[in-house]
Amino acid sequence: MWMPKGCLFHKDRSPWTRRGDRSDKLDYKHLLNEQMKKLTNQGIMNIEAYFKRIGYKNWKNKLDLETLTDILQHQIRAIPFENLNIHCGEAMELDLEAIFDQIVRRNRGGWCLQVNHLLYWALTTIGFETTILGGYVYNTFADKYSNAMIHLLLKVAIDGREYIVDAGFGRSYQMWQPLELISGKDQPQVPCIFRLREEEGIWYLDQIRREQYIANEEFLNSDLLEMNNYRKIYSFTLEPRTIEDFESVNIYLQESPASVFTSKSFCSLQTPEGVHCLVGFTLTYRRFNYKDNMDLVEFKTLKVEEIEEELKSIFNISLEKKLVPKHGDRFFTI
């Protein structure tokens, strides 16, 4: 088993937890927040530039659920969930300044470790009480959650209530609104019904999906299609994390042949009605609940020369280096 340096393996399903107790993490979080303030005060990172990037114009200095929802929805409709750097020969960086430059200044997207890190900075900067959490992603093919903590998500506290906020899962699994941290409660949203459940201190995020109509018969058996109506997404605990906890896995996910991120190039962007996805040469659009409690899914196979144009027109992405599209054999659904 591959094991990152400087980390310990624990039986509590937190195999990549840094050495140190809770007080160490709280001290690090304070230091991180001070560093974020310094970057902001120096003008290196600017909240107005972030708001402009996501097209958010309604900031009214209100730290309420409506504002949180508005920011989340603007981000997921403006910033793609994507891993194209890997397939352009570039690194997926965790440094906050590098993430800001990539996503805000260069109009790109990123994966969960990047887009949710940026969202953490934005929410913290404007005053939301925000905590980084770590998740274990469910693999339908293997029928188990990942052994490693490979997903970054957020918890936000508002007026005595707590919400899970995640702008970095993409595809048809992406939440459109914060989820109240209540076990067993169905929380209907446009993409599906989400459900959080808690068992012995471990939280699980599941979704109840609609039936789907595939417009292109030749794609009825596509390996990109999600075939389960009830879908487990990931598990997590409420232990506060720091971005440092994800450094080793960030390297592993973009270098290991066993990683889905090296196996497939992808880009996903939410719209007011659905979600666009590009995986390798396959472009899809899912329209949620287009009729009779059913999603419509449309497929198109692109030619090499069409990919650059579609990235610009649909995802608003212009790559600086040549993309090598890839659709490997690792399990990945839309």
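This is a predicted model: local features need pLDDT of at least 70, side-chain atom pairs count only at pLDDT 80 or more; totals for chains, interfaces and linings use all residues.
**Helix packing, cores and sheets**

The crossing of the two helices, α2 and α5, is left-handed. On the α2 side, the contact is made by Ile47, Tyr50 and Phe51, which meet Leu118, Leu119, Trp121, Ala122, Thr125 and Ile126 of α5.

Both Tyr50 and α5 also figure in the largest nonpolar core. This core contains 86 residues, of which Tyr50 and Ile164 touch the most other members. Helix α5 (residues 112–126) is the element that gives the most to the core, with 10 residues. The contacts of Ile164, leaving aside residues up to four places away in sequence, are with Leu133, Leu153, Leu154, Lys155, Met175, Pro178, Leu179, Leu181, Leu196, Tyr234 and Phe236. A further core of 12 residues lies apart from the largest one and includes Cys267, Leu269, Leu278 and Leu323.

Strand β10 (residues 193–199) runs antiparallel to β11 and is joined to it by 7 bridges, with Arg197 having Tyr204 of β11 as its bridge partner. The hairpin formed by β10 and β11 has 2 residues between the strands, and Glu200 takes a positive phi near 55° there. Strand β13 (residues 230–236) is likewise antiparallel to β11, and 6 bridges join the two. In this pairing, Trp203 has Phe236 of β13 as its bridge partner.

An open sheet of mixed pairing is formed by 6 strands in the order β3-β14-β15-β16-β17-β12. Its edges are β3 (81–82) and β12 (211–214), each with a single partner strand, so one side of each lacks a neighbour in the sheet. Within the sheet, β16 (residues 282–291) and β17 (residues 294–301) pair in the antiparallel sense over 7 bridges, and the bridge partner of Arg287 is Leu296 in β17. Helix α8 (residues 304–315) packs on this sheet, where it touches β14 (266–270), β15 (274–279), β16 and β17. The direction of α8 makes about 155° with that of β15.

Helix α3 (residues 65–78) contains Thr67. With a relative accessible area of 8%, Thr67 is buried, because the value lies under the 20% limit. Residues up to four places away in sequence aside, Thr67 touches Tyr56, Trp59, Lys62 and Phe128.

Taken over the protein chain, the secondary structure comes to 8 helices and 17 strands. Of the 334 residues in the chain, 55% are buried. Among contacts in the chain between residues at least 6 apart in sequence, 62% join residues that are at least 24 apart.

Key. Residues are numbered from 1 along each chain as its sequence is written. Side-chain values use heavy atoms; hydrogens and water are left out. A nonpolar core is a set of buried Ala, Val, Leu, Ile, Met, Phe, Trp, Tyr and Cys residues joined through side-chain atoms within 4.5 Å. Buried means under 20% relative accessible area, exposed over 50%, partly exposed in between (1.4 Å probe, protein chains only). Helices (H or I, at least four residues) and strands (E, at least two) are DSSP runs, numbered from the N terminus. Contact means heavy atoms within 4.5 Å. Two strands pair if DSSP finds at least two bridges between them. A crossing is left-handed if the near helix is turned anticlockwise from the far one by less than a right angle, and right-handed if clockwise. Axes are lines fitted to C-alpha atoms, for helices over the stretch in contact, and angles run from 0 to 180 degrees between N-to-C directions.
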